[in-house]
Amino acid sequence: MIKNIKYIISLLVVLLLTGPAFGLSDAYKNNIYSPGELKPVDSVLNVKVGDKAPDFTLPSLSGERISLNDYKGKKNVVLSFVPAAWTPVCSDQWPGYNLARSFFDENDAILLGITVDNIPTLYAWTNQMGNLWFPVLSDFWPHGGVADLYGVLRTSGVTERALFVIDKEGIIRYATVGDINKRPELGALVTELRKLKGK
Amino acid sequence: MKKVLTGFAASLLVIMAAFSSFGQSAPPSVGGTLPKISLPVPQDEAYRQYLGLKGGGTFLVPQIKANVVIVQIFSMYCPHCQRDAPVANEFFSKLSADSKLKDTVKLIGIGAGNSDFEIDFFRKQYGIKFPLFSDGEFLIHKSIGEVRTPYFIAIKINKNGTHKVVYSKLGGINDPDEFLKIVRGFSGL
């Protein structure tokens with residue numbers, strides 16, 4: 001009897017903790033895999049505000065190899081690490097940034113979207129989002145190398161949901177690792193971008 | 001021990017029941033009713049007038065002064081909603097220009113998981129004229145079965161204040177004239 005009650009309790013706890021809500025676009029039909037509720041943060045940052053941002057070079061969807069240093073002295077840079085293609089929150093986040101281009105332009109910033117997925121996967125996934133104005137980079141091989149450099153590679157091999165704002169001098173001005181299960185609010189990023197004005 | 005575990009299980013069941021009464025597993029069905037969706041009375045006087053609301057505080061969707069209320073569930077982050085936004089605007093213009101429908105059919109949008117900042121940005125980006133409301137924590141979205149977006153629900157409000165869902169469908173407006181015909185159909189006008 002006690003065993004049965006324990007089983008029921010475990011089942012109820014699992015039911016209570018699963019099933020987070022996502023504002024999922026119909027653009028993806030039934031092609032989104034839900035990993036369920038995950039540990040909010042599962043890594044420790046290797047960088048902090050005020051540090052020089054570690055340089056990296058990654059292949060992009062357009063075929064170019066893009067380095068962080070390409071933008072030094074020219075553009076502020078926002079790095080948006082999202083955990084994985086074809087998952088609920090990630091599939092919404094970049095289409096929002098795609099619409100919100102004006103906030104990046106107004107603050108002389110480029111956005112670099114990064115995941116650990118390979119290029120063919122990123123190609124198929126981002127095609128559902130429309131024409132993205134920003135480069136999408138693949139941190140697939142060596143697997144999660146750049147994510148690991150910044151300290152946002154989770155033990156499962158995907159990245160955190162992290163944002164870094166890097167100024168034209170290559171200095172990190174904002175670094176946030178949010179709850180992987182939630183989309184970061186746009187207003188907070190815009191506030192940080194606006195702080196770059198005059199720097 | 002058995003008593004403690006039974007008590008704990010019973011408490012969990014109560015919590016589950018509370019959650020399930022708030023979160024609905026399926027979208028509102030035609031012929032049924034809308035869950036209680038409480039929204040803040042807009043600060044903008046033009047929106048208050050459009051919705052026939054006075055003062056501050058909150059209101060429920062069936063309290064809007066109309067025979068039919070169309071609720072658009074969208075997200076600033078949803079590519080289909082972005083593509084459908086100009087179409088929804090065109091539909092609203094046609095609705096507002098129709099002498100029979102303009103005072104009897106009202107349109108509002110609810111941004112699932114969108115903050116006030118995000119709603120405001122979406123409104124400005126597309127020049128949206130009808131009232132939009134934020135649902136930053138997905139509370140409304142959960143109560144209507146976590147529908148994919150865009151999703152449209154329409155309710156018909158009876159004179160005694162009760163209401164009935166007359167339309168509940170996934171997908172954008174796509175064709176404003178066609179949607180207007182559908183609206184005429186379910187509004188009986």
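Two strands pair if DSSP finds at least two bridges between them. In this predicted model, strand E3 (residues 68–74) and strand E4 (residues 105–112) of chain B meet that condition, with 7 bridges in the parallel sense. Phe74(B) has Gly111(B) in E4(B) as its bridge partner.

In chain B, 5 strands form an open sheet, and their order is E5-E4-E3-E6-E7. The pairing in this sheet is mixed. Strand E5 (132–135) and strand E7 (163–170) of chain B are the edge strands, and each pairs on one side only. Neighbouring strands of the sheet are turned by 20° against each other on average, direction ignored. A helix also packs on the sheet. Helix H4 (residues 116–126) of chain B touches E4 and E5 of chain B. The direction of H4 makes about 150° with that of E5(B). In a regular strand the side chains alternate between the two faces of the sheet.

Along the sequence, the elements of chain B follow the pattern α-β-α-β-β-α-β-α-β-α-β-β-α. Chain B holds 189 residues, and 39% of them are buried. Among contacts in chain B with a separation of 6 or more, 66% come from residues 24 or more positions apart.

Two helices of chain B also meet. Two packed helices are described by the angle between their axes and the distance between the axes. For helix H3 (residues 79–97) and helix H6 (residues 176–187) of chain B, the axes come within 9 Å and cross at roughly 50°. H3(B) and H6(B) are therefore oblique to each other. The crossing of H3(B) past H6(B) is right-handed. On the H3(B) side, the contact is made by Val87(B), Glu90(B), Phe91(B), Lys94(B) and Leu95(B). On the H6(B) side, Pro176(B), Phe179(B) and Leu180(B) take part. The residues of this contact divide into 6 nonpolar, no polar and 2 charged.

Asp177(B) also lies in helix H6 of chain B. Asp177(B) counts as exposed because it has 10 C-beta neighbours inside 10 Å, and a residue is exposed if the number is 12 or fewer. The C-alpha atoms of Asp177(B) and Glu90(B) are separated by 9.2 Å. Along the chain, these two residues are 87 residues apart.

Chain A was examined in the same terms. It has 6 helices and 7 strands. Read along the sequence, the elements of chain A give the pattern α-β-β-β-α-α-β-α-β-α-β-β-α. Of its 199 residues, 37% count as buried. Residues 24 or more positions apart supply 69% of the contacts in chain A with a separation of 6 or more.

Chain A also contains an open sheet of 5 strands, in the order E5-E4-E3-E6-E7. The pairing is mixed. Its edge strands are strand E5 (136–138) and strand E7 (172–178) of chain A, and each pairs on one side only. On average, neighbouring strands of this sheet are turned by 20° against each other, direction ignored.

At one side of this sheet, strand E6 (residues 161–166) of chain A pairs with E7(A) in the antiparallel sense, over 6 bridges. Ile166(A) has Ile172(A) in E7(A) as its bridge partner. Leu163(A) stands opposite Thr176(A) in E7(A). The two strands form a hairpin with 5 residues between them. In this hairpin, Gly170(A) takes a positive phi near 85°.

Tyr71(A) lies in the loop between strand E2 (65–67) and strand E3 (76–81) of chain A. Tyr71(A) is partly exposed because 17 other C-beta atoms lie within 10 Å, a number between the limits of 12 or fewer for exposed and 20 or more for buried. Tyr71(A) touches Val77(A) and Ile110(A), not counting residues up to four places away in sequence. The C-alpha atoms of Tyr71(A) and Glu169(A) are separated by 9.1 Å. Along the chain, Tyr71(A) and Glu169(A) are 98 residues apart.

How values were computed: Residues numbered from 1 in each chain as written. Chains lettered and ligands numbered in written order. Predicted model: local features only at pLDDT ≥ 70, side-chain atom pairs only at ≥ 80, totals over all residues. Helix = DSSP H or I, 4+ residues; strand = E, 2+ residues; numbered from the N terminus. Axes fitted to C-alpha atoms, helices over the stretch in contact; angles between N-to-C directions. Contact = placed C-beta atoms within 7 Å. Parallel < 35°, antiparallel > 145°, perpendicular 65-115°, else oblique. Left-handed = near helix turned anticlockwise from the far one by under 90°. Nonpolar A, V, L, I, M, F, W, Y, C, P; charged D, E, K, R; others polar.
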